[in-house]
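Please read them with the structure open.

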Amino acid sequence: MPEKLDLLATCPRGIEQLLADELVTFGLTPGKTTVAGVNAEGDLEGAYRACLWSRLANRVILCLARTEGVETPDALHDAAAAVDWQRHLPAGATIAVDFHGRSDEIRHTRFGAQTVKDGVVDRLGAAGQARPDVDVRHPDVRLYAHLHRGRLTLGIDLSGDSLHRRGYRRDTGHAPLKENLAAALLVRAGWPELAKQGAPLVDPMCGSGTLLIEAALMAADMAPNLNRERFGFARWAGHDPALWREVLREAEARASIGRKRARSVIFGFDQSPPALSAAKTNAMRAGIPALIHLDGASVHRLSRPRVLDPELAGLVISNPPYGERIGELPELVRLYSDLGERLKADFGGWRLALFTGNPDLGHRLGMRAHKQYALRNGPLEAKLLLIDIARRDGQSQNQNLGQDQNRDRSQGRRHDAEATSAVDGQASPATGAGEGSASSDTQATSTAPRSEGAQMFANRLEKNQKKLRKWLKRSGESCYRLYDADMPEYALAIDVYGDHVHVQEYAAPKSIDPSQAQRRLFDALGVIPEVLEVDPGKVVIKRRKRQQGKSQYEKQGRSGQRFQVTEGRATLWVNLRDYLDTGLFLDHRPVRRMLGEMAAGKRFLNLFCYTATATVQAALGSEAEGGASDSVSVDMSNTYLEWARDNFALNRLDPSRHRVVRDDCLRWLETAGGEFDLIFMDPPTFSNSKKMEDTLDVQRDHPRLVRLAMARLAPGGTLVFSNNQRRFQMDDELAVDFEVKDISRQTFDPDFSRRPDLHHCFLIRHRQAS
């Protein structure tokens with residue numbers, strides 16, 4: 001009777017029960033299921049089959065010892081030395097120890113591995129066997145050690161390298177799925193049964209083809225590791241080469257027959273030529289290129305392949321992008337909406353399996369999931385949504401697919417405890433990116449029905465557009481605010497920059513359910529490109545939060561995507577993606593216009609200059625009278641001063657006449673000489689930047705700032721003092737010493753008329769001697 005082996009198969013979290021079911025097909029008897037693992041018992045043939053055939057496992061471990069009470073390094077060493085390693089390690093074999101876990105005294109995996117290795121070496125030495133060499137990259141035998149709550153498991157890794165590495169995927173697309181997770185998604189979606197019926201499969205965003213290839217391997221009855229060059233058991237002392245050759249020959253025969261008998265046709269689409277090229281090469285390595293048809297297409301142009309029988313339903317499965325950063329959401333909202341519309345239009349009766357780390361994006365499909373499975377994609381929480389796509393006649397599946405679905409449900413009831421009930425968009429979103437390319441055809445207009453709230457939001461945008469239309473035509477402005485939390489439910493600020501749109505999401509009150517706020521945001525992002533007729537790729541979203549220290553100067557991204565806009569006579573650089581602010585404060589447009597009108601022939605000083613857009617306007621001045629004779633612009637940020645220089649170059653301003661200075665404005669005012677005829681000062685509300693000697697609070701510190709600036713102001717000159725402190729109060733003593741005029745109400749154009757407290761602006765002059 002064959003010897004019974006104590007085995008442990010590891011897998012990605014969330015698919016343990018699927019793995020347990022799979023192990024049964026190899027002749028193994030599953031035991032206790034752990035997190036990311038299944039214990040099993042069986043013979044060597046079953047272990048070989050698991051290594052060769054498992055589509056779900058990461059590793060197959062032959063457990064040699066399970067020891068309790070291992071908390072210290074000495075106990076770990078002694079437990080390792082107690083195993084009869086000479087039965088398993090042939091003389092001259094190299095080893096490596098993979099150690100996982102920790103205790104209060106064993107805190108580092110490298111230390112744990114070293115301690116286990118020392119125990120192994122001491123045991124072999126005591127038995128008179130030569131000390132084995134360590135090869136961490138390509139050992140002959142890989143040892144497994146796992147320590148959890150004092151329980152140590154020691155064994156031999158029969159798989160060697162992780163079984164998810166099939167060997168076919170050397171060319172990858174963006175953020176590819178691991179092969180065994182892709183296989184798990186296919187199993188959950190019912191693909192093995194559908195493939196037996198000859199059903200087709202479509203992946204509309206296939207990326208490098210992982211889902212397609214795993215589906216083809218299943219359809220062709222091919223062992224996923226048939227082309228694997230080496231397994232971990234090859235140099236294990238207990239290896240039975242004759243038995244292994246028998247298992248391998250059987251798998252080769254099944255693959256030869258399966259490729260010929262496979263009836264399913266598998267289609268992959270993607271708009272990325274490099275991704276399609278990688279998918280084609282990967283399919284060839286996997287040995288199933290004839291089963292997979294690849295074509296370039298965007299999601300918006302997705303249609304059921306015309307070679308298919310119109311009455312034949314199949315499986316649409318996809319791992320679309322779900323956004324590493326909030327700035328990616330505008331395109332993704334349209335992507336998911338377009339996907340849902342195309343599926344409803346052309347794939348009625350099919351089953352959809354959508355894997356996403358952002359279930360709220362899944363809600364944009366406009367279809368209800370009948371089941372959801374919680375899984376993990378690496379460190380990210382994700383969900384597999386299973387959806388029956390309704391036929392136009394109201395049927396949800398064709399007869400065969402419906403029978404298979406009922407059979408799948410009746411046989412899989414023990415899995416139901418792992419599945420959550422399907423509620424559209426109820427889970428909090430995770431971030432991450434899927435395998436396929438993100439963009440749909442962005443020139444197309446979505447026909448997805450709007451929710452009541454989304455329609456109200458669209459109506460408000462259209463109303464605001466109409467209200468501003470005459471002013472925009474008269475002024476020629478191309479950068480303006482269209483919407484500013486007009487509806488409390490949609491707490492957004494929406495600014496137009498030419499053919500781009502900048503969306504800022506205000507933090508929702510704690511009383512608002514986060515999932516509800518997320519859904520409203522997605523509603524808005526779905527509406528904005530349609531109403532404004534802009535490419536979703538040119539809609540940028542950010543979340544506003546309190547700026548602290550130098551956070552406003554730090555990069556939020558590295559796109560480098562800046563572009564030119566016009567304001568009056570000036571051409572300016574803006575960057576909507578990489579910083580909290582864009583390079584152009586739109587609410588200060590009238591102030592900059594006023595500075596241009598006042599600056600003719602004057603010496604101009606710009607304090608806290610940011611990207612020096614005010615200096616550009618002052619230097620250009622009016623067409624009739626010209627601009628400032630010279631200027632100095634002061635700021636602490638190298639980033640923004642370089643941006644200022646680029647703005648100067650864009651407007652052909654002479655750098656010898658228009659200088660930028662990197663310094664703390666307070667310190668510069670205290671130490672610099674010279675006088676200026678026109679000074680503009682727009683300090684931040686608060687700053688505790690490390691570049692400053694002290695913190696800056698505009699309410700507290702403005703008297704000192706104003707007095708220092710007035711000391712540099714020439715007789716007859718003007719200080720234009722502005723700030724964005726909503727509750728700002730000018731110090732009364734300043735009005736005693738200087739002429740102070742509040743012109744705030746005059747410094748708002750129609751696009752900011754609803755927010756008269758957004759900034760405060762004053763003209764300050766020296767009092768004339770009586």
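Predicted model: local features only at pLDDT ≥ 70, side-chain atom pairs only at ≥ 80, totals over all residues.

**Notes on packing**

1. Helix α2 covers residues 44-53, and nine of its ten residues are buried, so the rest of the structure largely encloses it. The buried positions are Leu44, Gly46, Ala47, Tyr48, Arg49, Ala50, Cys51, Leu52 and Trp53. Note that Arg49 is on this list.

2. Which residues touch the most other members of the largest nonpolar core? They are Leu158, Trp191 and Ile288, in a core of 101 residues. Helix α7 (residues 210-219) supplies the largest share of this core, with eight residues.

3. Leu158 deserves a separate look. Leaving aside residues up to four places away in sequence, Leu158 touches Leu7, Ala47, Cys51, Val60, Leu62, Phe231, Gly232, Phe233 and Trp236. Of these, Ala47 and Cys51 are also among the buried residues of α2.

4. Helix α10 (residues 329-346) meets helix α14 (residues 514-532), with axes that come within 9 Å and cross at roughly 85°. Angles of 65 to 115 degrees count as roughly perpendicular, and α10 is therefore roughly perpendicular to α14. On the α10 side the contact is made by Leu329, Pro330, Val333 and Arg334. On the α14 side Leu521, Phe522, Leu525, Gly526, Pro529 and Glu530 take part. By class, this contact of α10 with α14 has seven nonpolar residues, one polar and two charged.

5. Is strand β11 (residues 315-318) covered on one face or on both? Both faces are covered: Leu315 and Ile317 are buried on one side, and Val316 and Ser318 are buried on the other.

6. Strand β11 pairs with two strands that can be checked in turn. With strand β8 (residues 201-203) the pairing is parallel and runs over two bridges; here Leu315 of β11 is the bridge partner of Leu201. With strand β12 (residues 351-356) the pairing is again parallel, over four bridges. In that pairing, Val316 stands opposite Leu352 of β12.

Note on methods. Residues numbered from 1 in each chain as written. Heavy atoms only, no water. Buried < 20%, exposed > 50% of the residue type's maximum accessible area, 1.4 Å probe, protein only. Core = buried A, V, L, I, M, F, W, Y, C linked by side-chain atoms within 4.5 Å. Contact = heavy atoms within 4.5 Å. Axes fitted to C-alpha atoms, helices over the stretch in contact; angles between N-to-C directions. Parallel < 35°, antiparallel > 145°, perpendicular 65-115°, else oblique. Nonpolar A, V, L, I, M, F, W, Y, C, P; charged D, E, K, R; others polar. Pairing = 2+ DSSP bridges.
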